[in-house]
Structure formats: C-alpha cells, structure tokens
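Please open the structure in the viewer and keep the selection tool at hand.

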Amino acid sequence: MLRMPLILALFVSALGASPASAITLDQAMANPDWIGPAVESPYWSADGKSIYYSLKQKGSSVLDLHRMDPASGSDQIVTPQMMSDADGDHVVFDRAHTRAAFIRNGDVFVRNLGSGQLEQITRSPQAESDVQFSSDDAALQFTVGTDWFVHEFASSVTGPAAIVLAENDPQAKKPDELGDLQLRLFSTLRDIKNDRDAKRVHAEQFQAQDASRAPMPVYLGDKVKIFSSSLSPNGRYLVVVTTPKDFDAGKVAKLQHYVTESGYEEQEDERTRVGRNLPAPHSLWLVDLKDRQVHALAMDALPGITDDPLEAIREENRKAGLMNVDADSSKTPDKSAKTKVQRAVTAWTMSWNRNGSQIAIQLRAIDNKDRWISTVDFSKHALVSQHRLHDAAWINWGFNEFGWSPDGQSLWYVSEETGYSHLYSKRPGANAKALTSGKFEVSNPVPSADGAWFYLRSNAEAPYAYDVYRVAAKGGQLQQITRVQGMESFALSPDGSRLAVLQSSAYTPAQLAVHAVDGSQSRQLTDTRTAEYKALDWPKLEIVEVPSTHTRDPIYAKFYKPADFDASKKYPAVLFVHGAGYLQNTVLGYPNYFREQMFHNLLTEKGYVVLDMDYRASEGYGRDWRTAIYRQMGHPELEDLIDGVNWLVAKHSVDAKRVGVYGGSYGGFMTFMAMFRAPEVFAAGAALRPVSDWTSYNHEYTSNILNTSQDDPIAYRRSSPIEFADGLKGGLLIAHGMLDDNVLFQDSVRLYQRLIELRKTDFELAGYPLERHGFVHADSWYDEYRRVLELFESHLRP
C-alpha cells in the first residue's frame, strides 16, 4: 500500500476568484439547489451507445431522467413522449447478445439489439422485477412479489412459471374415523367419492401434460409464510424462503405528528426496538417443478450451526447479576441436553449460474456471528457449504457480494476473513483463491462478460482515495483504471470497453465521466454546479494522520484552520463526529456532510480550528477498526477524539480549555459520551438527532454491535449515554426532528428528563416538528446550526 506523508495538503481545483468568506450561515444551510444537483444512478443503454442518469429538478425533489451520448456530449432530458423508447437499468442479455431485457416503471421490456426494436412484455399495476433469460433463451422469467412468471418468445404467451401456495394440499386431507365409518356404511357416498377422485386424476393428467395450461399448484403447508423465492433459469427448480406464519415481530409504538395539514394530531407506526423480538427465522425449500415434489433444505450441514457464540457473554452477565437464567433470548438448550439446537438463520440472497445447474445461497446467523455461502445438491436435496465466515464480533453488513463466473463454473465472493475486504474465487468443492490482498478494501466487483476480468472499487492507493481497479479472473496484479481519487460508483458498458463513472472531489458533487477500461482515455461529461457556487474559492483541504495512543495505525482526519493561522496564538477548537458509526468521512470525494464542511470553513473564518476524525468504527480501515466498538460503543471512539484534542493542543496552538464537539445521529451519541465521560476535555457539545439509550434503537443495527439487551445487558449499560448523564458539566445543546423514525425523538426527551432529575443546568432541547432523521427544510437547518454556532461562541470564546 502506498503510504502518504503525515500531513497531506490536498489542493482543490480552482472554482473562482471570490474568497470563501463569502459563505454565510444562511447560505451554508440553504436548499442545496444553489450548489447544483449531484448526478445520480448512471447506467448504460442496452446498445451501449448512451448513458442514462438522473438529476434533481431545481426547487423540487422530482428527478429527471437524462440520456447522454458520451461520444458527442449531447445531453437531453427524457420527456414522457421519449420514455416509450427508453431503456431501464439492470439490463440482462441473452447468450448471443442479440436481445436485452430490463424493467422500466415496473414492467418488462425486451430490445432487439440488431434492429433496435423495443417490445413491451407486461403492462400491469403490479411491479415486476428480477428479469432473467431462460437457460435456452427461449423465454423470459420474472417475478411479481414472490411469484415467478415466464414469457415464451415463440408463442408470446405469459403465465406463471410455478404456483406455490402457503396452504395445505386440499387433496391430502385424510378421513377421520367418522369419515371412514361413513364410507363403509354408505355405498352412495363411496360412489360419489370415487367419481370425484376419477375426475381429479383425469384433470391432473391433462394439466400436467398439456403445455398450454397453467402449472398445478405446489403446497408448502399452512404453517409458513413465503418470504422470497428464486427460479432456476432452466425452469426445473424453485428455491423458496419461508418464515413462520404466526411469528410475532414485537411491539410497535406510535410516532406522534403535531403539526399537520388536518390541524389534528396524527400518528404513524414506529419500528420495533432491539431485542423486543428476534427477526423471523428462515426455512429453505427446494421445489422440483418437474415432479411437483417439495423438499426441506436442512441447515444441519452448515459448519458451526450448533455453536453457541453467546454462551460466555451470557455467563458474564449472569455473574454480574444482570440477567435472569430464564431470560435468554436465544433459548439456548440446557448443557445437559444431548442434542444441540441449531441457531436460527436468515437467507440473504440467492444466485443461479447461467444454465441453472447451480445455485448459491448466502445465509446469516441471526446472532450475527456467521455468514455461509452454500450450494445445493439437487439429487440429495441438501445444502452443501462452500464458505463460512465467522466473526466473534459481528459479520459486516457490507462486503457480502457474491455470484457466479460467466461460464457458471466458479463462485466469486467478497470476504473480510483476512481483516480486510477482498475478492475470492472458487469452484464448488475446491479451495478458494484470493484474487486481491493487502491492507485495503475492495467492493462492488463486476465480472466482465467474457469472464476475463473483475472490475471493482478500492482504496488501495490510500485509505481516503477511491478508484476503479481491475484484476484478472485467474489472478494477478491489481490494476488501477481511474485516477480520480473520489470515485463513488461505476457501470461497465455492455461491450466491456468503457466505464461510466460517478466521480467527485471535496467541493464538487458527483459528476458523470466515461473511462476506457484500460485506463488510456477519460472524459468528464457533466458539470452541474451553478455559477454562484463555482464563484467561490474554497481553501485547501488537509487530510492528516493523528497519532493514536491505542492503536498502531493513525487516525485519519480532515483538518481545518484559519487562513491567517498564527502559532503564537491560542485557538478554540471544534471536533466534528460523523454519523452512522460505520461511515467514512475522511475521503477525497464530496462528503455526505457537505453542509457541515461549509460550516467548518465558516468556523475557521471566525477563528476556530476544526478536526473531523474517522474514529474507530469508521468504514474503510479494515475489520479490526470496525469491530473495536463491539460491546463497548462510545469508548474506543472517545479515546480517539481525546487523542485528536491532545494533538491539536500539542501541535496546533489549541487552548485545551476551549474545545467543543458536535455531530448528528451516531455523532450525536458520541457528543453525549464526550460531554458525559470526558467533561474535563470538552467544554460544550451539540448532540443532533442523538441516540441516548441503545435499548431504544432498532434491532438490525444494534444487535450486531451489542448483541441484545436480553443476552448482554452489560454492553447496553456500558454503551448508553443515559447511564453517564451525571457527568455533564459543560454546555449541551440537543436538537432532534420530532418525526424521526430512525433515532426516535423519545431518545432526546428521555435524556432531557434524566438531566432535569440530575439537576443539571446548562442544557437545552430544540425539537423540530416537521423533520425526520435527515432534515430537509432550510429553515430547520438554519435554526439548528444557528444554535450550534451560538453554543460554541458563548462557551469557547475567551
């Protein structure tokens, strides 16, 4: 990996001549239309001659679809009249590359690539999806909900590929003793039954052998609910995922709306809290559509399926007196039991190879400690494990892509097993081969149509610089294709010769460019920035390596300081804490926090030093950095923030008594932890849409990091700010959208009540009646950051 100097002065391209001091708080928090919209969701046309992309209209959230000719740069908005001939995204091709299929506005279309003719296959109120060509290219297959349909090209007939019902087979009903008695005693009843049975057998024979009829139903029983399904391209098999029919998802509370169009208070359902019930376990079924037989795919062959990774944690909590022996949410069997109980799993995704001879299924343990990729032995009706990824903390919610090579012989998948996300390839039953390796991450691999290459996103050059790379499918050196350092996403052209790339820089929103796959040519196609925004000349952006007292690796951060910085003076400082926890904000691309970036420059104009750190838990630095917070959220991150403060004091003339901290969501949570657990370091803090108690957050995120509060109450007490609220000494602002359905407004209200009962004095709560987790109204943004600025001005000035 290429290492950079300790302090990296990263120059942003000149955008004009006016000084950045022209930015005001009102402008920084205004509707971002004044900046110009970012290009979104680019994809290639089926013939590879055009690139489609979306762009937000000024003054509206409506997205226009654009069609651009990358050769000439000609760009036009797709009008309603033009839409009838437009292509959709996620185009799939037949083997001969003569036809392309896609979904557009929920309907299925096929384009003849020779003539360019477009044929609409469906026109229905239901939304079709998952379109694929059959293995012989004679038909299209697609889903409506969990049901699969097939369109035959020769007959132009569309019908169900299979009818699978979560019901009992009505013909499987067995007479009871009374029924047997009736048939024995009454010959007329016997005659009626025999005639009915003969008609049924006759009808079934014709339905089974008459290709013009719909298939006969297959029954899974009335104890399950169909969750998803996947049809083999050859039409032989259907793999069905089910959940228990009567599963209780847990209590759902109500979210209150106070400012409404009706003038009356209104309510909506909230989400369930972590651990209020575990996610519904999945079962797998193999349906043989040829003989209409249903086979349960048992999961007992998955390695480690009967392990209990939480046993030691539950025992720790028992010894601490925090858990009732009978309260285990996992229902772990008695140690004296001879039979171990299988852990519950969910089926994430399924992928067939092109001819339908192999399927790979990705499964995840509900306790979050294991991920499996399995194939199916169709003759034995059994799962065959191909790869197990175990993590004592939790399996990452990213870096789980997998699929089949174009020839259908090999699996490829992404795994963090070395501590960093890398790409692997293996034939089923054989050993895996690592195609990439090193102290960097790869993601979003796309195999070329000829199977020779994988194209992928990686930060191999530096943790904060992302580009497109490629590696040979047989292995070899990782080759860098783009050199923009702010690559966000890419799409490979149908002929495999070009890449449509979304790329950005520190002060430039995502723009569209096209690059040759060998890196020889590149051309930027859009610049959607307004003249007003281009006229601003932003200062240099610095990315720094802050030495850590707890890890061998540095903490990467963005560093802002006044243009007239004088080392002989003492400056107030503000630490910004990014949200999500697992997010990377120290990057060379356009940040998620573009408003905050402008606010940081405004702070430097007012004489502040600002540090924005990718603390432990952040994305982009490998598994150990990510999982450092397992069972102790808020502790390693706070150590990193304090290291940042100490570095500022020692190296950049910061007054140790005048340091503030702020952030939203996870950043709001960390503001609480900083203000409550390190009041001697932080004099003021603004917690925006903050988590105050992890027992109130959602299951999917929280149970990964803290397990559940039933299994691991120690982790929740250790990680929830409300448990440390008595430590508050400095000034605290809490700001929260009252319609927040992610971090509930209740979190801030409960913490506010706790501070009242603790007789704290220097705190305030600002509620925003028409905002959810991410604010969308300029008035709210302005009011929130006016309060943040006033907090720092009143507490951090001499």
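This is a predicted model: local features need pLDDT of at least 70, side-chain atom pairs count only at pLDDT 80 or more; totals for chains, interfaces and linings use all residues.

Select helix α7 and the cavity beside which its residues stand: α7 gives three residues to the lining of the second largest cavity, the largest share of that lining.

To see the whole lining of the second largest cavity, select Lys558, Tyr560, Phe576, Asn585, Pro591, Tyr593, Glu596, Gln597, His600 and Asp612. Two elements each give two or more residues to this lining, namely β41 (555-560) and α7 (594-605). Colour the selection by class, and the lining of the second largest cavity divides into four nonpolar, three polar and three charged residues. The space inside the second largest cavity is about 40 Å³.

How many of the 12 residues of α7 are buried? The number is 11, so α7 is largely enclosed by the rest of the structure. The buried residues of α7 are Phe594, Arg595, Glu596, Gln597, Met598, Phe599, His600, Asn601, Leu602, Leu603 and Thr604. A distance between the end C-alpha atoms of α7 can also be displayed: they are 17 Å apart, which agrees with the 16 Å that 12 residues should span at 1.5 Å a residue.

**The largest cavity**

A search of the whole structure finds four cavities of 30 Å³ or more. The largest cavity holds about 60 Å³ of space. Which residues line the largest cavity? Select Thr146, Asp147, Trp148, Ala162, Val164, Ile226, Ser229, Leu238 and Val240 to display them. Strands β13 (147-152), β17 (224-231) and β18 (237-244) are the elements that give two or more residues to the lining of the largest cavity. Of the residues in the lining of the largest cavity, six are nonpolar, two are polar and one is charged.

**Salt bridges**

The structure has a count of 38 salt bridges. Begin with arginine 354 and aspartate 137, which form a salt bridge whose closest N and O atoms are 2.6 Å apart. This pair links distant parts of the chain, for its two members are 217 residues apart. Arginine 354 is in the loop between β23 (345-352) and β24 (359-365), and aspartate 137 is in the loop between β11 (128-133) and β12 (139-144). Is aspartate 137 buried or exposed? Aspartate 137 has a relative accessible area of 11% and is therefore buried, whereas arginine 354, at 22%, counts as partly exposed.

Next, select helix α4 (residues 187-209), where lysine 193 and aspartate 197 both lie, four residues apart, or about one turn of the helix. An α-helix has 3.6 residues a turn, so residues three or four places apart point the same way. Lysine 193 and aspartate 197 form a salt bridge, with 2.8 Å between the closest N and O atoms. Lysine 193 counts as partly exposed, at 27% relative accessibility.

Proceed to aspartate 527 and lysine 534, whose side chains meet in a salt bridge of 3.2 Å, N to O. Aspartate 527 is partly exposed at 34% relative accessible area, and lysine 534 is partly exposed at 29%.

Finally in this section, select Asp307, Arg343, Asp367, Asp370 and Arg388 together; a network of salt bridges links these residues.

Select histidine 66, which is found in strand β5 (residues 63-68). Histidine 66 counts as buried because its relative accessibility is 10%.

Then move to aspartate 518, in the loop between β37 (508-516) and β38 (522-524). The side chain of aspartate 518 makes a polar contact of 2.7 Å with the side chain of serine 520. Serine 497 is 21 residues from aspartate 518 along the chain, and the C-alpha atoms of the two are separated by 8.1 Å.

**A last helix**

The tour closes at helix α14 (residues 778-796), which has 19 residues. From its first C-alpha to its last, α14 reaches 26 Å, close to the 27 Å expected at 1.5 Å a residue. Which residues of α14 are buried? Select Ser780, Trp781, Asp783, Glu784, Tyr785, Val788, Leu789, Leu791, Phe792 and Leu796 to display them.

Notes: Residues are numbered from 1 along each chain as its sequence is written. Side-chain values use heavy atoms; hydrogens and water are left out. On a 1 Å grid over the protein atoms alone, a cavity is a set of points where a 1.4 Å probe fits but cannot get out, and a pocket is an open set with protein on both sides within 12 Å along at least five of seven lines; lining residues have an atom within 4 Å of a point. Grid points are joined across faces, edges and corners, and a volume is the space filled by probe spheres set on the points. Ala, Val, Leu, Ile, Met, Phe, Trp, Tyr, Cys and Pro count as nonpolar, Asp, Glu, Lys and Arg as charged, and the others, Gly among them, as polar. A salt bridge is a side-chain nitrogen of Lys or Arg within 4 Å of a carboxyl oxygen of Asp or Glu. Buried means under 20% relative accessible area, exposed over 50%, partly exposed in between (1.4 Å probe, protein chains only). A polar contact is a pair of N or O atoms within 3.5 Å; within protein, one must be able to donate a hydrogen and the other to accept it, and residues adjacent in sequence count only if both atoms are side-chain atoms. The expected span of a helix is 1.5 Å times one less than its number of residues.
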